[in-house]
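Hi,

Here is the structure I said I would pass on.

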Amino acid sequence: MIHYFIGDLGHFFIILSFVTSLVAAFAYWKTKYSVDGALQESWRQNARVAFYVHTVAVIGVFVSLFTIIYNHYFEYHYAYSHSSRHLPAHYMVSCFWEGQEGSFLLWIFWQAILGLFVIHTQKNWEAPVMIVFSLVQAFLVSMILGIVFPVFDFKLGSSPFILLRDALSDPIFKIQPDFIPADGSGLNPLLQNYWMVIHPPTLFLGFALTLVPFAFCIAGLWERKYKEWIKPALPWALLGGAILGLGILMGGYWAYETLNFGGYWNWDPVENAVYVPWLVLIAAIHTMIVYKNSKTALKTSVILVISVFVLILYSTFLTRSGILGDASVHSFTDLGLSGQLLIYLLFFTVISILLAAVRWKEIPSSSEEVSTYSREFWIFLGATTLCLMGFQVLIPTSIPVYNQIVSLFGGTSNLAPPADQIAFYSKFQLWFGVAIAILSGTGQFFWWKRIDKSRLKKELLGPLLISLVVFAIIISLARVAEPAYVILTLAGVYIIVSNIKVLTSVFKVNPSFSGGALTHVGVGMSLLGIMFSAGYSNVVSLNNTGMLISSELSTEFNRDNLLLFVNEPRSMAGYDIEYLGERFEFKNQSGYVKKSDVELTADPYKVVAKRDIIFEDKTIYSAKDTFEIYPENTYYEIELRKGDDVAAILYPRVQINEAMGGFIASPDISRGLGRDLYTHVSAPMNREAEADWSEMEEIRIRPGQQFFVNDYVATLEEVHRVEEIQGVELLNEDVAVQATIVVNAERDPYYAEPIFLIKDKTQVGRISSEIGELGIKITLLNIHPETGEFTLGLNTRQKDWVIIKAMEKPYINLLWLGTGVIMVGFSVAMVRRFRERG
């Protein structure tokens with residue numbers, strides 16, 4: 001049965017939210033321009049009611065869509081495309097924002113909530129600010145309207161409540177219009193990660209928060225309150241900078257844990273599209289602080305605040321219009337919204353620029369020359385550097401847009417993004433980082449008014465000397481030799497030492513003033529963490545056998561990867577490393593199970609235990625139990641030992657992921673205080689290729705007798721009759737016997753259980769048993785009741801293997817600790833500014 005009601009209800013809420021956002025904008029406009037006080041208050045109340053209804057409608061859309069996903073209503077295209085019955089409940093939330101429509105809705109939701117805060121905390125600014133809020137909401141909601149105008153062959157938005165039969169042109173819907181799939185295609189397995197539950201909401205909250213200072217800025221320009229908008233906008237800008245930065249950090253940590261490129265930032269266009277607005281937002285925060293304290297840089301603040309919001313819209317266009325094509329693995333496919341997104345971008349860009357241009361001459365500016373020995377001069381330099389950092393990333397990232405523009409005018413452009421993105425961007429961003437560190441370290445010593453040279457020398461001398469001493473110790477112990485890294489290390493140490501000095505001084509006076517210094521200390525720690533973990537990342541899985549893994553593979557691959565056979569220890573980076581075999585992950589338990597210890601069923605998500613399943617000395621399931629696994633993931637158990645002690649057990653993962661091109665490897669990380677050991681699978685065995693089994697060897701043995709197979713000692717323990725065989729229907733006259741053979745491997749015993757079957761009294765069948773990890777296949781060929789013997793057929797092949805790559809990431813915890821300190825600094829500064837706002 002198709003659940004029409006919930007979809008119709010959700011679509012009604014979308015239309016209601018769109019209409020009420022326009023009504024709220026109009027009512028707030030009337031509030032602003034009503035002369036009569038009573039009439040003005042009446043319009044204000046109407047506007048508030050409209051925005052309240054809008055917020056309720058947005059929540060209604062949210063609840064409706066989640067109901068469809070959670071209850072597996074696969075008649076809806078969104079639920080079918082992004083969820084499945086096997087998905088754990090805590091990942092159902094991730095389904096919500098995997099698609100474009102859901103992520104737009106998340107953005108709309110956050111802005112609606114922020115609008116309520118503005119209404120109840122900014123009465124003097126409410127009307128002009130909420131006009132901007134309501135218009136932005138109307139544009140965003142239009143992205144999920146899903147209304148088609150057949151006369152004009154035009155679709156306004158893409159609805160998350162479209163039925164599957166309306167989205168797909170499958171012939172089955174012509175035969176059976178009410179057909180509902182039994183299951184959905186599921187959430188991309190890469191997104192089945194706890195970071196993906198919290199990263200998108202955090203990131204979109206950061207997006208939404210950029211609207212608040214933008215709305216205050218536009219309101220200030222429109223109202224000619226050129227100075228007044230800074231005070232209420234600044235704390236929201238700080239909150240936006242903190243949340244957007246936290247969202248970027250979460251994305252980086254997800255990439256570090258889940259992807260296998262060996263780091264946390266790949267300079268992918270989608271990553272860049274978020275990074276650039278954040279840099280400009282940080283620059284805007286600094287110029288806003290400059291104006292608040294010294295009444296300079298107001299025009300710069302206007303430009304930067306507008307630029308932040310426009311860049312957020314531009315990043316949305318980049319990632320959702322399909323214009324990036326294959327340039328990014330993270331971008332959304334085009335849902336036919338590219339034109340709508342472009343209108344959204346151009347509308348607010350043009351309106352903002354025109355308004356700023358019209359009011360430009362009226363905006364106050366300081367005629368006083370800014371001294372080189374003033375803090376505002378150094379902050380302005382820092383803000384300029386941040387903007388140049390963003391500009392350097394933005395231009396190459398926008399190459400696909402440039403190509404598209406050229407093609408629209410009939411030209412041809414073959415410009416391509418950098419081939420080695422990491423090397424290209426890093427070589428420029430490194431020097432920008434050095435500049436930021438020097439400017440931030442020095443600028444903190446200046447008060448808002450001019451400081452004389454003699455006092456400056458006294459202030460700087462101590463931190464400079466301490467920085468040089470610490471720097472010398474670090475480069476000596478860590479053996480930093482690359483000239484660029486030497487300079488970055490000195491700059492990183494300098495910003496930390498200088499800001500610690502400022503921090504101790506400020507903390508004695510007023511701890512609430514310590515936010516800036518704390519943040520800059522975190523920046524320095526992050527720079528050092530990035531320099532060590534990226535610049536001195538070291539491959540430790542070196543092939544020291546003197547033999548090529550494969551002549552068909554590159555020299556680099558043969559050098560930097562290690563071939564491991566099951567239960568055959570090798571040496572690596574001071575460890576004895578041993579591959580123990582392939583594993584499945586339990587779905588409802590924590591832990592892993594040997595593939596050889598379970599029997600697959602018709603349902604790929606369910607397996608049957610062949611014997612008691614034990615993990616970490618605890619019995620998880622008993623023999624014959626049926627339990628659930630994640631079939632798309634194969635884990636490779638790898639043990640690291642030092643002497644007789646187990647240092648770590650790693651489970652790097654290989655995932656069958658059609659959405660990402662098939663084979664995806666994810667690392668496992670052994671974390672240490674001074675370094676991480678980052679390990680991933682470079683090449684697994686091809687299970688679909690036909691196995692190269694040897695010719696069958698026949699042996700005749702009795703129960704209890706030992707024999708050799710593939711250099712292992714095996715014992716025929718028993719032969720017994722079985723009443724059930726997976727996938728075979730047994731009748732009363734059929735006879736099936738199963739042999740139990742124990743193979744004693746280097747660590748644990750393995751079991752082979754071949755079956756001999758007589759069906760319909762005349763047909764003989766044999767079901768071989770494979771122990772893939774040991775390269776053994778055993779077949780029960782015949783039974784000799786007269787002698788009590790059994791004929792076994794033995795086939796062998798190469799043991800299971802895996803090729804891994806392992807890297808050391810030195811001092812990466814400096815990066816994670818530094819980002820934490822940055823967040824604390826932002827929080828301290830934000831709380832202070834909110835209190836000042838009153």
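**Where α4 meets α5**

I'll start with a helix pair: F96, W97 and E98 in α4 are in contact with Q100, G102, S103, L105 and L106 in α5. Helix α4 covers residues 89-98 and helix α5 covers residues 100-121, and their axes come within 5 Å, crossing at roughly 95 degrees. That angle is why α4 counts as roughly perpendicular to α5.

Before you go further, keep in mind that this is a predicted model.

**The whole protein**

The protein has 838 residues, and 55% of them count as buried. There are 22 helices and 29 strands in it. Along the principal axes, the C-alpha atoms fill a box of roughly 110 × 75 × 55 Å. If you take the contacts between residues at least 6 apart in sequence, 69% of them join residues at least 24 apart.

**A806 in β29**

Is A806 buried or exposed? Its relative accessibility is 0%, so A806 counts as buried. You'll find A806 in strand β29, which runs over residues 801-810. Leaving out residues up to four places away in sequence, A806 touches N538, V539, V540, S541, M572, L677, Y678 and T679. For a sense of scale, A806 and K458 are 348 residues apart in sequence, and their C-alpha atoms are 48 Å apart in space.

**Two positive phi values**

Two loop residues may be worth a click. H72 is not a glycine, yet has a positive phi of about 60 degrees. H72 is in the loop between α2 (37-70) and α3 (77-82). With a relative accessible area of 17%, H72 is buried, because the cut-off for buried is under 20%.

The other is Y811, also not a glycine, with a positive phi near 55 degrees. Y811 is in the loop between β29 and α22 (812-837), the strand here being the one that holds A806. Y811 has a relative accessible area of 40% and is partly exposed.

Over to you now.

Cheers

Technical notes. Residues are numbered from 1 along each chain as its sequence is written. This is a predicted model: local features need pLDDT of at least 70, side-chain atom pairs count only at pLDDT 80 or more; totals for chains, interfaces and linings use all residues. Side-chain values use heavy atoms; hydrogens and water are left out. Helices (H or I, at least four residues) and strands (E, at least two) are DSSP runs, numbered from the N terminus. Buried means under 20% relative accessible area, exposed over 50%, partly exposed in between (1.4 Å probe, protein chains only). Contact means heavy atoms within 4.5 Å. Axes are lines fitted to C-alpha atoms, for helices over the stretch in contact, and angles run from 0 to 180 degrees between N-to-C directions. Angles under 35 degrees count as roughly parallel, over 145 as roughly antiparallel, 65 to 115 as roughly perpendicular and the rest as oblique.
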